[in-house]
Amino acid sequence: MSANQPVLEIKNLKKYFEGNTDIVDMIMRREPSQIQAVDGVSMTLQENESVAVIGESGCGKSTLLRTLIGLHDISAGDIVYKGTPVSEFDKADWKEYRRNVQVIFQDPFNSLNPKMTVRESLAEPLDIHGIGNKEERVREVLEQVELQPAEKYLDRKPTNLSGGEKQRVSIGRALILDPDVILADEPVSMLDVSTQAAVLTKMKELINDFDVSMIYISHDLSTVSYIAETVKVMYLGRFVESARTKRLLEDPKHPYTEALVSAIPVPDPTYDRERTEMSGAPRDPIDIGEGCRFRDRCPEVIPPDDIEIDQQAYREIMSFREFLEREEVGLERIEKIVEVNERSALVDAVQREYFDHELTGKNESTLRSALTSLADGNEDLAIERLRERFESVCETTPPEVEAEPEWHVACHHHTEIDRTTVAGGGGTDATGDSGSDATGSVAHAEHQ
Amino acid sequence: MSEPLLEVDDLTVQYETDDGMLTATSNASFSISEGEFFGLAGESGSGKSTLAKAIIGGLDDNGQVSSGTITYRGEEIQDLSDKELSQRIRWKEISWIPQGAMSSLDPLQRVSEQALEIGNVHTDLPDEEIRDKLKETFDIVGLQESRIDDYPHQFSGGMQQRAIIALALFLEPELVIADEPTTALDVIMQDQIFTYLDRLKDELDISLLLITHDISVIFESCDSVAIMHASQIAERGTTDAVHANPRHPYAFMFKEAFPDIREPKRELEVIEGHPPELMGEVDFCSFADRCPWAAPECREGAPPTESVEDGDPSHVTACVRKEEAYEMYRSDASPIDDGSGAQSIAQMGEVD
Ligand code: SF4
Ligand code: SF4
C-alpha cells in the first residue's frame, strides 16, 4: 500500500430502500417510494485516522455502517478498500475485507454470545480465520483492553460481566485479528457515563497502538472529542458539515450543526444556555428532492433575492407550505382546528393559527390569496401561489460542499461567504489570524 | 420557604429475593417544595428509580417500604392502599412520565381515548371536560388541539413524547415524576421537551422530580439535586451549591465524569466498578468499595448526613471523610498507595 493511499474511500455512496414496508403504508395503499437513507456520501479514511460520523436517529449513519460491512448492497457509488473497489471484490477479497474491517456494536448486552465464555468469544474469530496460538493471543488482548488479570475473566460468561467489561470484551474481539479498520456503532451509548469515558479513551489509545483506523458512529457530540480528530455531521442521508473536532464544537457553521451543538446540555447551573428554538424533528428521507436536507427546519432558510421579508415570518411561510406539500395539514384538519366553516373567517383563522409574525405588502397579499385558495378547497393552487413568490434557493439546488482542506459545509450561506473570500483575492491564502489553514481564512472572512 | 409538597424521610425500600432482602433505597431523605424542580441523579443500580416508584406506590410485587415515611401535603402516603392512591393521589396529585416513554402510548388507541381511560379511573369528571383538559394541555406542549383524536402513529417521535407529557399533565397534578424522560432521545428533541417542561413550571407552577443518570440535564434544569449511590443519598442541596462545593467523593467524581462541550479536552473522571447489590441493612458507606479515599471507619456505620457549611442550608452530604477527601482530591494527592486500579485510565490523554 502506498504511503498516501487511504485505507478506505467512500465515493458518493448511496443506499436507497424501497418504501412501503410498514403496515400503515400497506393499509393506506401508498405507492412504493424511495427511502434515501444514504444519499451521496463521500469520505476518505487514512491510516491511523479516527473519524466520527455524528447524527440523530434516522440520519442514515447506521445504514452507512451496514453498507460498509456489506450487509446492504450499494445503490450507487462505491467503497474502495486499499485501492480496490468492493464492486470488484471476489470471494477471497470479501474474506480479507471482513477480517480487516471489524465492527463494534452499540449493545454490549447483545453483541456477545451469552453461552460463550470470554475465552471462547475472543477465540472464535481466530478459529474462523484459522489462526493458531489462540490462548496467547486471547490473553494478550485481554491485557490490552485492561481486563486483568486474564484469569479473572477468561471463564466468565457475559452475565457475569458489567456493561463496561462486556464492551471491553467486544473491543478485544474486534482487535484480535489485527484489523486495519474498526467501525464502531455507538459503542458507549448503553454504558453509564462513568464508564463511557474509560471505554472511549481506551479505544482511542488502542487505535493508536494498533495502527488501526476508525469510523466512529454516534449521536453524541459531547464525547466525540475524546475519540476522533475529525467530525462529519450527517443529516438525512448527507454530510452537512465536516471539520476538525475542536473547531466544529467551537465554531459550527452549518445551521444544523449549530442547532446540534447548542442543544447539548452543559453541566453547570450557573451557565445560561438558551434552549433550542428548533421545532419538529427530521422528516423521513422519502422523495426528498435535490435541495438542502435541512430546509424544512432551518431557521436561516434563504428568501429569494427580490423580496424583503422578516426571517421568522419567512420561516413560517416555508413551514406552512411544507406542511401542505407533505399533506400534514389538509383543509379538513384545518377546519377542525380553527372551528369555523365560513370561507372568509377561515382564512383569518388559519392565518392566526399558523402565523405569529407580521407580514406586509405583497408578502401578505400573496399569503392571503394562497389561504383563500386553500379555503376554497384548492390546495394545489395554494401551494403554487406560495411557491411562486417564496421559493428558496435552498429547495431548488443542493448546497455545494466546499472542498476546502479540513472544512466542508453544505449550506448556501457559506458557499457565498466562500465566494467572497475568493473574489476578495487570496482565496484560501492564510490571511486569518490563526493563519495556517484554509479554515482560518474562511472564519476570518466571515467576520470582516 | 413554603411548606414542602413532598417529603421523603428516612426511607428504606427493599425487595424480597431468593437470597434475602435486597435493599434498593436506604434511609433516604429529601423534600420537594411547590414549584421546585428536583433532580435525582445516579448510575443504574443507584436505587433512584425504586425511590420514585415507591412514592406513587408503583413498586414491583416483591418490593416494599420497610421503614420511613413519604408525606404528601402533610399526609403520610406510604401505607395507602393501591385503591386509595389511585383514587386520590395518582395522576391528579402526582403523575408519572415513565422511563422509555416513547413506547408507553398504546398504538391501538387514540390519544384522547387513553386520556379518557385515565380520567375515568382517577376522577369523576365528565368525558367532555376530560377532553377539554387534554386539549388545553396539548396546547401547552405545542401540539395542535385537534390532534387529540389522532393515533400515536400519526405523530412523529417528538410529538409522541409531547403527547405523553400531555397525558401526564392533563389532570393538573402538583408533582410530576419523570424517570429518564429524554434518555435515548436526540439532544435537540431533549431540549425541546425541556422547553415545554420549563413552560409548565412558569405557567402552572408544577413541581418536578426528574430522575436521570445525566447530571448535565439536572444542573441545567433543576433547582435542587440529590446524588444517589447504591441505595444511599450521597449528597443533596441546591444545584448551585452541589455544583460549586461537592463534598462526597461520589458526588465530585460523578460530576467530573461528565463531558462539557466547553472543555472538549478536559480529562474525564472514571469511577471504577459498579454499584454493589446490597442485602439487608446497609450499615456502611455503599461507595466504600469504589472510593479512592475509603478508610476502615467508612465501613463501621452508615455515614451520617451532615450539613456542608457553604451558605446553602439544604446542602448536606454523607461522608465521614468529606473535608479530607475533598482536600486530597483538590490537591491531586494520589489517594491509593499501591497505585492500582481506580485512576489509571483517567490519566490517559485525550485526542488532539
Ligand atoms: S442551504 Fe439553506 S436551508 Fe440549508 S442549511 Fe443552508 S440556509 Fe439552511
Ligand atoms: S471516604 Fe468513606 S464515607 Fe466518604 S465516600 Fe469514601 S468510602 Fe464513603
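The model is predicted: local features need pLDDT of at least 70 and side-chain atom pairs pLDDT 80 or more, whereas totals for chains, interfaces and linings use all residues. Residues are numbered from 1 along each chain as its sequence is written, chains are lettered from A in the order in which they are written, and side-chain values use heavy atoms, without hydrogens and water.

Over all chains, the whole structure holds 50 salt bridges, each a side-chain nitrogen of Lys or Arg within 4 Å of a carboxyl oxygen of Asp or Glu.

| Salt bridge | Closest N and O atoms |
|---|---|
| Glu151(A) and Arg139(A) | 2.4 Å |
| Arg321(A) and Glu395(A) | 2.3 Å |

Arg321(A) lies in helix 12 (residues 311-325) and Glu395(A) in helix 17 (residues 393-396), 74 residues apart; helices are DSSP runs of H or I, at least four residues long. Arg321(A) is buried at 3% relative accessible area, as is Glu395(A) at 13% (buried: under 20%; exposed: over 50%; partly exposed: in between; 1.4 Å probe, protein chains only).

In chain B, Gln78(B) occupies the loop between strand 5 (75-76) and helix 2 (82-89) and is buried at 15%. Its side chain reaches the backbone nitrogen of Ile70(B) at 3.0 Å.

Terms used
Helix = DSSP H or I, 4+ residues; strand = E, 2+ residues; numbered from the N terminus. Polar contact = N/O pair within 3.5 Å; in protein donor to acceptor, adjacent residues only side chain to side chain.
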